[in-house]
Each structure stands twice: as C-alpha cells, then as structure tokens.
Amino acid sequence: MALIITDECINCDVCEPECPNGAISQGDEIYVIAPDLCTECVGHYETSQCVEVCPVDCIIKDPDHDETEDELRGKYEKLVAEGKTAPTTAG
Ligand code: SF4
Ligand code: SF4
C-alpha cells in the first residue's frame with residue numbers, strides 16, 4: 001500500500017530527495033506523499049527509502065490505499081511507461 005506521513009512530521013526535508021518516484025512534496029503544514037506515485041519503493045529498492053531516513057518515524061502504511069506487492073509493481077511499471085520514474089533493475 002502507499003505510505004502516508006503523520007502529523008508528527010517535523011518538516012526536515014530529509015525524505016523528499018530520497019524518493020525515487022518524486023512522490024513526496026511539502027504540503028501546507030507537513031510533507032505529503034502522493035499515493036498514485038508511491039510504490040513503497042517497489043521496482044527501485046528493497047525497503048521504503050523515506051521510512052529509512054525519517055528521523056521521527058512518522059511515515060506509515062496508509063490503510064486507505066491498500067495494495068498488494070503485485071499492484072505496487074504494476075504501479076511502478078505504469079510510472080516507467082509514463083516516464084514518471086526511471087526504470088531500474090534493482091528491487
Ligand atoms: Fe517514495 Fe518509496 Fe517513500 Fe513511497 S516508500 S514515498 S516511493 S520513498
Ligand atoms: Fe517529515 Fe520525516 Fe520527511 Fe522529515 S523525513 S520531512 S519528519 S516525513
């Protein structure tokens with residue numbers, strides 16, 4: 001499933017450049033993740049890069065965007081086809 005940033009976010013900007021899909025951006029109050037771009041890093045990395053770097057552990061799975069591994073991979077392949085993320089052999 002896509003991930004979501006909780007209101008514990010301290011706006012440190014560490015996660016934004018780590019996202020291979022450009023899914024993270026600064027919102028009105030805290031950073032936000034675009035669910036249509038977040039693949040949980042499937043296609044790029046073994047682990048969610050934003051979760052790895054967040055100093056306050058405020059990035060969690062979004063129960064409103066429940067997706068299987070296959071669906072996440074399908075989303076990744078669609079993003080590659082649309083030129084929205086770079087193809088990679090990793091992950
Ligand atoms: Fe981006 Fe990966 Fe975090 Fe999703 S899990 S927002 S794809 S860094
Ligand atoms: Fe917010 Fe965590 Fe991203 Fe920092 S790394 S901007 S605290 S979500």
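**View 1. The outward face of helix α2 in a predicted model.** On the face of α2 turned away from its buried side lie the exposed residues D70, K78 and A81, where exposed means over 50% relative accessible area, buried under 20% and partly exposed in between, with a 1.4 Å probe and protein chains only. This is a predicted model, in which local features need pLDDT of at least 70 and side-chain atom pairs count only at pLDDT 80 or more, while totals for chains, interfaces and linings use all residues. Residues are numbered from 1 along each chain as its sequence is written, chains are lettered from A and ligands numbered from 1 in the order in which they are written, and side-chain values use heavy atoms, with hydrogens and water left out.

View 2. Helices (H or I, at least four residues) and strands (E, at least two) are DSSP runs, numbered from the N terminus. The buried residues of α2 are L72, K75, Y76 and L79. Seen down the axis of α2, these buried residues fall within an arc of 100°, so they line one face of the helix; the arc is that of the directions from the helix axis to the C-beta atoms. Just after α2, G83 takes a positive phi of about 75°.

**View 3. The surroundings of ligand 2.** Around ligand 2 there are 13 residues, of which the closest are C9, C12, D13, C15 and C54. The shell around ligand 2 has 11 nonpolar, one polar and one charged residues.

**View 4. Two loop residues with positive phi.** Most residues other than glycine have a negative phi. C41, in the loop between β3 (31–33) and α1 (49–53), has a phi near 70°, a positive value in a residue other than glycine, and C41 is buried, with a relative accessible area of 8%. D57, in the loop between α1 and β4 (59–61), has a positive phi near 50°, and D57 is exposed, with a relative accessible area of 60%.

Technical notes. A residue is near a molecule or strand if one of its heavy atoms lies within 4 Å of it. Ala, Val, Leu, Ile, Met, Phe, Trp, Tyr, Cys and Pro count as nonpolar, Asp, Glu, Lys and Arg as charged, and the others, Gly among them, as polar.
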